[in-house]
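Subject: A structure for you to look at

Hi there,

Here is the structure I promised to pass on to you. Please open it beside this email and follow along as you read.

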Amino acid sequence: MYRKIGGIEEENEISVMEYELSDRFGVIPQEVRNLLTLISIKISCSKLNIEKLDVGAAGITFSFFDNDCKNVDALMMFLNSKELNQYAESAKIRADNKVV
């Protein structure tokens, strides 16, 4: 099961996995939901060319591969997503092209 979860590469696979887990084991524990949310964030980061994501008490900071944001519209949707907003309230782009 861990290998299957680790092999998730598309957002729709998360829903399929959620269904499979609940069908097989019943109520999904919060820790597993957190893992699936983390995988969703990882998939989004990959699609947005995000190289590094740091989460701390002050909020979230991330940077892009080669300081290049390839899809600004998708980035804005990601910044407003419920998954990300549970960790930070608002986002700003710094002069060094990092988002905090």
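Below is what I found in it, going from the overall layout to single residues.

First, some ground rules. This is a predicted model, in which local features need pLDDT of at least 70 and side-chain atom pairs count only at pLDDT 80 or more, while totals for chains, interfaces and linings use all residues. Residues are numbered from 1 along each chain as its sequence is written, and side-chain values use heavy atoms, with hydrogens and water left out.

The overall layout

The protein has five helices and two strands. Both kinds of element are DSSP runs numbered from the N terminus, with at least four residues (H or I) for a helix and at least two (E) for a strand. Reading from the N terminus, the order is α-α-α-β-β-α-α. Of the 100 residues in the protein, 28% are buried. Here buried means under 20% relative accessible area, exposed means over 50%, and partly exposed lies in between (1.4 Å probe, protein chains only). Among contacts (heavy atoms within 4.5 Å) with a separation of 6 or more, 42% are between residues 24 or more positions apart.

The pair of helices

Next, find helix α2 (residues 11-25) and helix α3 (residues 30-47), whose axes come within 10 Å and cross at roughly 165°. The axes are lines fitted to C-alpha atoms over the stretch in contact, and the angles run from 0 to 180 degrees between N-to-C directions. How are α2 and α3 oriented to each other? They are roughly antiparallel, because angles over 145 degrees count as such, while those under 35 are roughly parallel, 65 to 115 roughly perpendicular and the rest oblique.

On the α2 side, Glu11, Ile14, Met17, Glu18 and Leu21 make the contact; α3 brings Val32, Arg33, Leu36, Ile39, Ser40, Ile43 and Ser44. By class, there are seven nonpolar, two polar and three charged residues in this contact. Nonpolar covers Ala, Val, Leu, Ile, Met, Phe, Trp, Tyr, Cys and Pro; charged covers Asp, Glu, Lys and Arg; the others, Gly among them, are polar.

Two buried residues

Serine 44 is in helix α3. Is serine 44 buried or exposed? Serine 44 has a relative accessible area of 19%, so it counts as buried. Leaving aside neighbours within four places in sequence, serine 44 is in contact with Glu11 and Phe78.

Isoleucine 5 sits in helix α1 (residues 2-6) and is also buried, at 9% relative accessibility. Not counting residues up to four places away in sequence, isoleucine 5 touches Met17, Leu21, Leu35 and Ile39. Isoleucine 5 and leucine 36 are 31 residues apart along the chain, and their C-alpha atoms are separated by 8.2 Å.

Strand β1 (residues 50-56) and strand β2 (residues 59-64) run antiparallel and are joined by six bridges; strands pair if DSSP finds at least two bridges between them. They form a hairpin with two residues between them, and glycine 56 stands opposite glycine 59 in β2. Five of the six residues of β2 are buried.

Finally, asparagine 67 lies in the loop between β2 and α4 (72-79). With a relative accessible area of 45%, asparagine 67 is partly exposed.

Enjoy exploring!
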